[in-house]
Amino acid sequence: MKIAFFDSGMGGLSVLHHARKALPHESFIFYADETHVPYGTKSREDVERFVAEAFEFLLAQDVKAIVVACNTATSVAVPAMRARYDLPIIGMEPAAKKALALDPVHRVLVTATPITVAGEKMEHLIERVDREHLVDRLALPELVTFAEHMEFDSPAVENYLRKELAPYDLATYSALVLGCTHFNYFKPAFRKILPRTMRFVDGNEGTVAQLIRKLKERGELAEEGEQTVEYFYSGERVTDAEELERIAAYNRRLDEVYDL
């Protein structure tokens, strides 16, 4: 059986990238809803419908777990999917708790999509972990569009980030939380602007660790066999050589930024 990774677009490849290092014997499906990307600026009702359609498709692919590698889809639709389906469904949330644990004194800036930043799930998360009121939130919707066009290091990206980050006294912050999986591609662009004292924190490691725990509990962790990956765009298998090369280019970018 396979493990599915689902995202609105190509951001979720960053979570799959980490999982492929941690789970060398598993077979994976990656589903990018390229027809409807981005989710972060859509209505909750639309996102709920898109996620439901993706899950119907993935459950027909003989999967043993689904990782919703999208913070927006997690915040909007994962509780309903867990109530509907009896298999491990691993969601994501911005890693504010991890950032505060690393430094409980300085401020933390959580970046995400508008729907995640303003969502009820985010409110509950901040209420739960931010006892000293150190967390600020910033929506960066244009980064998703830049990422989908593979525009990572352009002057337009840098200008956008400088403009959005300008209101913050970054010297008082210990961490930038990458609360959208698309944002991992932009670590070099962020690094040009952030002080060296600010670290990057994302939810990829914790998400994959939770996936491993759930598979172990069910005795479904593969311990032998060759790793495989299949790619789908909104229910259509990717076989076109140009699109496969596009995915390979994203993975090369993730190799480059992995340890930043």
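Two strands count as paired if DSSP finds at least two bridges between them. Helices (H or I, at least four residues) and strands (E, at least two) are DSSP runs, numbered from the N terminus. With that in hand, take β9 and strand β10 (residues 236–237): two bridges join them, and they run antiparallel.

The model you are looking at is predicted, so local features need pLDDT of at least 70 and side-chain atom pairs count only at pLDDT 80 or more, while totals for chains, interfaces and linings use all residues. Residues are numbered from 1 along each chain as its sequence is written, and side-chain values use heavy atoms, with hydrogens and water left out.

**The six-stranded sheet**

- Follow the order β4-β3-β1-β2-β9-β10 and you have walked across an open sheet of six strands with mixed pairing.
- At its edges are β4 (89–90) and β10, each of which pairs on one side only.
- Strand β3 (residues 63–68) pairs with β4 in the parallel sense over two bridges, and the bridge partner of Val67 in β4 is Ile90.
- Strand β2 (residues 27–32) and strand β9 (residues 228–233) run parallel and are joined by six bridges; here Ser27 stands opposite Thr228 in β9.
- β9 and β10 form a hairpin with two residues between them, and Ser234 in the turn has a positive phi of about 50 degrees.
- As a handy rule for looking at any sheet, side chains in a regular strand alternate between the two faces.

- Axes here are lines fitted to C-alpha atoms (for helices, over the stretch in contact), and angles run from 0 to 180 degrees between N-to-C directions. Contact means heavy atoms within 4.5 Å.
- Helix α2 (residues 44–59) packs on the sheet and touches β1, β2, β3, β4 and β9, with its direction at about 155 degrees to that of β3.
- α10 lies across β1, β3 and β4 and runs at about 160 degrees to β3.

**The four-stranded sheet**

- Four strands in the order β6-β5-β7-β8 make an open sheet with parallel pairing.
- Why is one side of β6 (135–139) and of β8 (199–202) left without a neighbour in the sheet? Both stand at the edges with a single partner strand each, so one side of each has no neighbour there.
- On average, neighbouring strands of this sheet are turned by 25 degrees against each other, direction ignored.
- Strand β7 (residues 173–178) pairs with β8 in the parallel sense over four bridges, and Leu178 has Asp202 of β8 as its bridge partner.

**Helix against helix**

- A crossing is left-handed if the near helix is turned anticlockwise from the far one by less than a right angle, and right-handed if clockwise.
- For residue classes, Ala, Val, Leu, Ile, Met, Phe, Trp, Tyr, Cys and Pro count as nonpolar, Asp, Glu, Lys and Arg as charged, and the others, Gly among them, as polar.
- The axes of helix α1 (residues 13–22) and helix α10 (residues 204–217) come within 9 Å and cross at roughly 50 degrees, and the two are therefore oblique to each other.
- Residues making this contact include Val15 and His18 of α1 and Val208 and Ile212 of α10; the residues of the contact divide into five nonpolar, four polar and one charged.
- α1 also packs with helix α11 (residues 241–257), at an angle of about 70 degrees and with axes 10 Å apart; the pair is therefore roughly perpendicular.
- The crossing of α1 and α11 is right-handed, and among the residues in contact are Leu13 and Arg20 of α1 and Tyr250 and Leu254 of α11.
- α2 and helix α3 (residues 71–84) have axes 9 Å apart and an angle of about 50 degrees, and α2 passes α3 in a right-handed crossing.
- Val47 and Phe55 are among the α2 residues that meet α3, where Val76 and Met81 are among the partners; by class, this contact has eight nonpolar, one polar and three charged residues.

**Salt bridges**

- How many salt bridges (a side-chain nitrogen of Lys or Arg within 4 Å of a carboxyl oxygen of Asp or Glu) does a search of the whole structure find? The search finds 20.

Note on methods
Parallel < 35°, antiparallel > 145°, perpendicular 65-115°, else oblique.
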